Protein chains: 2
Amino acid sequence: MDRAENGVGPKGVLAAVLTPMDGDLSPDHAAFAAHCERLLAAGCHGLSVFGTTGEANSLSVDERLAALEAGTNGVLVLPPFYYKNVGDEGLFRYYAEVVERVGDDRLRLYLYHIPQMTNIDLGLPLISRLIEAYPGVIAGTKDSSADRERITTLCREFPGFSVLAGTETLLLETLRNGGEGCISATVNVTSRLARRVYDAHASGHDDEAEALQKHFSQLRWSIEAYPVIPALKVLMSDLTGDEAWRNLRPPFSRLHEEQAKELLSDVPRSELL
Amino acid sequence: MDRAENGVGPKGVLAAVLTPMDGDLSPDHAAFAAHCERLLAAGCHGLSVFGTTGEANSLSVDERLAALEAGTNGVLVLPPFYYKNVGDEGLFRYYAEVVERVGDDRLRLYLYHIPQMTNIDLGLPLISRLIEAYPGVIAGTKDSSADRERITTLCREFPGFSVLAGTETLLLETLRNGGEGCISATVNVTSRLARRVYDAHASGHDDEAEALQKHFSQLRWSIEAYPVIPALKVLMSDLTGDEAWRNLRPPFSRLHEEQAKELLSDVPRSELL
């Protein structure tokens with residue numbers, strides 16, 4: 001995650017950055033850098049690169065390292081998600097080994113909760129135990145559960161622990177509860193609007209923030225009606241005029257031409273980036 | 001997978017080999033080689049290394065390569081299991097890219113079906129399409145579903161496609177249906193008995209094979225009452241007198257001392273390896 005404005009932890013609106021690929025399905029570094037700059041210019045406070053949306057789980061470690069030159073103020077760490085039913089003790093040991101083996105006080109580890117992909121529950125007792133064992137280092141969480149109640153509880157129970165919602169539909173609610181903001185896939189094409197929600201809230205214009213959030217969530221749902229990553233790549237292809245933006249690594253497939261057309265008519269270009 | 005007796009594909013009783021670890025949780029190459037030799041001496045036709053049981057999903061690619069020197073007559077390939085609901089088209093494209101990029105006619109790819117870990121269904125239409133696209137190269141499957149009906153169907157529908165059951169409780173049934181055998185975790189400690197089932201069937205002693213299989217399955221169920229990989233490591237530690245055999249990478253945890261004692265009394269040592 002890129003350094004936030006305040007120089008402390010990730011805060012505000014962060015895009016879960018898409019990874020553009022060339023015809024050979026290698027990450028296109030130039031297009032990637034251009035997209036990162038575009039997102040920051042459009043209002044993102046920070047960038048979360050090589051997450052779920054960035055198809056990181058289809059990239060090798062070397063490929064990820066090759067595209068990462070700048071520093072980072074945090075790392076988002078999935079639980080070990082292949083083996084199932086390992087219990088909290090095993091999950092604790094996993095994160096503990098990561099922290100101990102990195103062995104650097106500058107580490108800021110964010111727990112990545114995304115049960116719809118991992119089928120792993122990072123429960124509150126586990127999070128509490130990790131924070132207690134590694135205060136400051138276990139710095140926060142990206143919570144993609146879309147579970148309002150859970151996110152509210154996390155914000156309230158763990159002061160000093162940063163909570164970032166994994167969907168921008170909960171941006172305003174998360175901010176109101178004392179969370180830091182959101183890290184979201186669709187912010188790849190909606191950064192400008194996301195930033196307006198954040199700024200309206202920050203400047204105390206609650207009604208405006210509420211209205212913007214409503215509109216913003218509606219836009220998200222329009223995109224979510226399609227397979228999200230392929231859909232975002234179609235929108236980026238349309239925005240940049242670069243057909244290569246539609247490339248995806250398997251197991252993702254491109255939207256069919258019909259679907260792509262429908263998406264482009266469902267999501268007004270004037271609203272985007 | 002190690003070369004089978006007949007010099008063709010993996011066939012018969014294959015152990016899903018455990019990976020012994022030293023105190024630092026690095027693979028212990030000497031103990032690993034000794035264990036492989038022990039398994040072959042005890043009757044295994046072949047070895048399946050760095051699978052689920054071998055904690056491969058907790059090892060880096062470099063760590064796996066470092067422990068692999070000999071050739072192999074097949075590779076077991078999981079579906080891409082992070083992203084969900086990608087559809088058959090995405091799964092087909094994934095395996096197709098693997099085959100095309102390896103680009104070697106000697107490749108023998110075995111589809112690894114283990115939905116309890118991956119939450120991915122490798123359905124029959126997908127398997128059929130892959131066999132048709134890459135005949136001979138898509139050589140078979142390890143099916144860990146424990147779904148008798150599915151395994152029977154696979155044996156019957158796809159002649160020339162090798163079917164290996166992922167549990168030795170279905171060894172005899174799989175052989176009777178024309179499948180090749182089994183690849184199993186518990187065979188790490190029960191190779192001798194597994195081989196007796198295989199040999200009784202091969203020599204036409206059906207009643208003997210049946211009785212042995214029953215006894216053999218019972219033994220498996222006794223072990224399965226515990227978390228299987230930690231339990232097998234306790235049994236190996238007991239068999240070899242080497243405490244280091246209990247080491248496991250997270251997210252696995254050792255059995256509690258009480259559990260370990262219970263296991264050792266539940267599973268008679270005289271039955272093992």
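Which residue's side chain meets that of Arg195(A) in a salt bridge? I looked up the pair and found Asp199(A), at 3.0 Å, N to O. For a salt bridge I take a side-chain nitrogen of Lys or Arg within 4 Å of a carboxyl oxygen of Asp or Glu.

**Ground rules.** I am reading a predicted model, where local features need pLDDT of at least 70, side-chain atom pairs count only at pLDDT 80 or more, and totals for chains, interfaces and linings use all residues. Residues are numbered from 1 along each chain as its sequence is written, chains are lettered from A and ligands numbered from 1 in the order in which they are written, and side-chain values use heavy atoms, with hydrogens and water left out.

I went back to the opening pair. Arg195(A) and Asp199(A) are four residues apart in helix H8 (residues 187–202) of chain A, so about one helical turn separates them. Helices here are DSSP runs (H or I, at least four residues), strands likewise (E, at least two), and both are numbered from the N terminus. Arg195(A) counts as buried at 19% relative accessibility. Asp199(A) is partly exposed at 34%. My cut-offs are under 20% relative accessible area for buried, over 50% for exposed, and partly exposed in between (1.4 Å probe, protein chains only).

Next I looked at Lys233(A). Its salt bridge partner is Glu55(A), with the closest N and O atoms 2.7 Å apart. The pair links distant parts of the chain, 178 residues apart. Lys233(A) sits in helix H10, while Glu55(A) is in the loop between strand E2 (46–48) and helix H2 (61–66). Lys233(A) is buried, at 0% relative accessibility. Glu55(A) is buried too, at 0%.

Then I checked Arg254(A). It forms a salt bridge with Glu243(A), and the closest N and O atoms are 3.4 Å apart. Both residues lie in the loop between H10 and H11 of chain A, so the pair ties together parts eleven residues apart in sequence. Arg254(A) is partly exposed at 40%. Glu243(A) is partly exposed at 47%.

I found two salt bridges between the chains. In one of these, Asp24(B) meets Arg101(A) at 3.8 Å, N to O.

I also compared the copies. Chain B can be laid on chain A with an RMSD of 0.0 Å by a turn of 180° and a shift of 0.0 Å along the axis. The two copies are therefore related as by a two-fold rotation axis. The superposition is by least squares on the C-alpha atoms of residues with pLDDT of at least 70 in both. The same surface serves both copies, as 100% of the contact residues of chain B recur in chain A.

A cis peptide bond joins Pro250(B) and Pro251(B), with omega about 15°. Pro251(B) lies in the loop between helix H10 (228–240) and helix H11 (257–266) of chain B. In chain A, a cis peptide bond joins Pro250(A) and Pro251(A), with omega about 15°.

I placed Asn85(A) in the loop between strand E3 (75–77) and helix H3 (87–102) of chain A. Asn85(A) is exposed, with a relative accessible area of 79%.

**A buried leucine.** Last, I checked Leu130(B), in helix H5 of chain B. Is Leu130(B) buried or exposed? It counts as buried, at 1% relative accessibility. Leaving out residues up to four places away in sequence, Leu130(B) touches Phe92(B), Tyr95(B), Leu111(B) and Ile138(B). Leu130(B) and Leu111(B) are 19 residues apart in sequence and 9.9 Å apart in space, C-alpha to C-alpha.

How values were computed: Contact = heavy atoms within 4.5 Å.
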